[in-house]
Amino acid sequence: MLALKDIVEIQTSATQVFEWLSHFDENYRAWHPDHVVCKYLRGASLQVGSILYCEEYLHGKLHRMKFRVASVAAGSRVDYVMAPGMSGSFEIKPTERGAQFIAEICMGATVPLLGRLLDKILDLLFSTRIEQVRRHMSEEGVNLKHLLEQQSVGSAAPAR
């Protein structure tokens, strides 16, 4: 299975980061300039089974995506499924200086032999696009750090 992971240290509380995440649909466009729209089609924020619809530009093309919230550990983690063989998570861990925000996207099969073969095929066929997704995830991490640290200094109210 191919896993893309980005980790950023944010100088604000883990509670503040999870609060921001709990308003994901409202905060989505401010998170990255390539984000276009985000809304719940079914359910509500951080509710298992909810369906979130997002549009964003990746590698110069508009992508329309649906995410199903698979599990939520209040205050620390959200797991989602995009399609068969594609899933991801957002995890927040408290640190001495604030919080660590970990975003991960996984693609491929978990079957040992098939998974390794599929990873190699994905890498060969889509290496440029995969690298662009990695860069986008990194930009999101930096942007989130900036948004939440600026908010921490400016006020105690949660970002929305």
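Trainee: What makes the largest space of its kind, about 760 Å³, a pocket?

Mentor: On a 1 Å grid over the protein atoms alone, a pocket is an open set of points with protein on both sides within 12 Å along at least five of seven lines. The model is predicted: local features need pLDDT of at least 70 and side-chain atom pairs count only at pLDDT 80 or more, while totals for chains, interfaces and linings use all residues. Residues are numbered from 1 along each chain as its sequence is written, and side-chain values use heavy atoms, without hydrogens and water.

Trainee: Which residues that line the largest pocket are the closest to its centre?

Mentor: A lining residue has an atom within 4 Å of a point. There are 36 in the largest pocket, and M65, F67, M82, M86 and I105 are the closest to its centre. The element that gives the most is α3, with eight residues; helices (H or I, at least four residues) and strands (E, at least two) are DSSP runs, numbered from the N terminus.

Trainee: How do the lining residues of the largest pocket divide by class?

Mentor: They comprise 27 nonpolar, four polar and five charged residues. Ala, Val, Leu, Ile, Met, Phe, Trp, Tyr, Cys and Pro count as nonpolar, Asp, Glu, Lys and Arg as charged, and the others, Gly among them, as polar.

Trainee: Why is another space called a cavity?

Mentor: A cavity is a set of points where a 1.4 Å probe fits but cannot get out. The whole structure has one cavity of 30 Å³ or more, and the largest cavity holds about 40 Å³. That space is called a cavity because the probe cannot get out. D6, W31, F101, A103, M137, E140 and G141 line the largest cavity; β7 (98-107) and α3 (112-154) are the elements that give two or more residues to this lining.

Trainee: How do you know that β5 and β6 pair?

Mentor: Two strands pair if DSSP finds at least two bridges between them. β5 and β6 have six, in the antiparallel sense, so they pair. R77 has E91 in β6 as its bridge partner. The two strands form a hairpin with two residues between them, and G85 in the turn has a positive phi of about 85°.

Key
Grid points are joined across faces, edges and corners, and a volume is the space filled by probe spheres set on the points.
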